[in-house]
Amino acid sequence: MRQILSIVMTLLALSTPALAECKGQNLIAALSPQAQTDLRAKAAKQPFAVGNFWLATKGAEEITLVGTYHFDDPRHASALAALAPALVKAKILLVEAGPKEQESLKARMADDPSLIVNTDGPTLAEVLSPEDWQHLRDAASARGVPSFMVAKFRPWYVSVLLAMPPCSMDLAAMPEGLDAQLIKAATARSLPVEALEPYDTLFSIFGAMSQAEQVDMITSALALEDKSADMAVTLADAYFAEEGRLIWEFSKLQSLQMPGFTPERVEREFAVMEKLMMNDRNRSWIPVIKAAGAKGPVLAAFGALHLSGDQGVLKLLQDNGYSITRLPLTP
């Protein structure tokens, strides 16, 4: 399970600044034509497997949904242009975490650094093997994080850090992803911005994991370290091709290369992680989206992986009587 979680964390944490600057190989494009065909066939079995931009309607209700990647890229310009009319019409912008949640998170972390820093237990230098600790020190140094800091981080937070390739770690300039750009545009026109979930949702998920499970996430992430730039490019290319479900299926394929992981085990463990990281959250978002939609046009922007699947946001809205129409991400 921990190896699977480390891959899922890569999917979620590769929403970082400046991924467009990474130079790597598209690992999906490097597959054989037949392997690519098979991968897309698996993705296509899920509802709404392709598409980042959608309209949900029910009577007079109108909800525009956009799947995002949270990093900066010049290719976002066309999406912003396409979303401009929906932004003008909307009565509210819904995002995973808005300005209020970001401020709450900063305040909580200032008050309680133990959220991401281990203040009373053994350091990672003491927990990991000498080989893994040296590997982690090198990986952290490549990302501009000194070893004395990484030694005290919570293991799950280190896994997030490792999922960010060194080529993305330009901490001096933090470019804005599509979510942030939409929030800025909404704020400029005094459009209310509200969150789909509490700011500490992911903290709650990771807080339920044991220390051993979190440490295993680090060693699994270190095993993927040499592919970090390639993964960044692969996931970005798939996103801008609007093949969100392909990203998920490719990650399953990657996990099959790990020792001891059979197809049955991969399917089982990915199903658990999809429930934990996406489906449960999707279900909790639906009442928020519906309540906002009842008050006027809504623009909802959240990670593209939440769109597809039989328990994705689009299918859940469809099950609630909404008509779903794909829209082009062009002006």
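Mentor: The account below turns to the salt bridges and then to one lysine. This is a predicted model, in which local features need pLDDT of at least 70 and side-chain atom pairs count only at pLDDT 80 or more, while totals for chains, interfaces and linings use all residues. Residues are numbered from 1 along each chain as its sequence is written, and side-chain values use heavy atoms, with hydrogens and water left out.

The structure holds 17 salt bridges (a side-chain nitrogen of Lys or Arg within 4 Å of a carboxyl oxygen of Asp or Glu). One of them joins Arg40 and Glu243 at 2.7 Å, N to O. This pair links distant parts of the chain, 203 residues apart: Arg40 belongs to helix α2, and Glu243 to the loop between α12 and α13. Helices here are DSSP runs (H or I, at least four residues), numbered from the N terminus. Arg40 is partly exposed at 33% relative accessibility, whereas Glu243 is buried at 16% (buried means under 20% relative accessible area, exposed over 50%, partly exposed in between, with a 1.4 Å probe and protein chains only).

Glu267 and Lys252 form another salt bridge, at 3.1 Å, N to O. Glu267 lies in helix α14 and Lys252 in helix α13, so the pair ties together parts 15 residues apart in sequence. Within helix α15, Lys315 and Asp319 are 4 residues apart, about one turn of the helix, and their side chains meet at 2.8 Å, N to O.

Finally, Lys89 lies in helix α3 and is partly exposed, at 46%.

How values were computed:
Helices (H or I, at least four residues) and strands (E, at least two) are DSSP runs, numbered from the N terminus.
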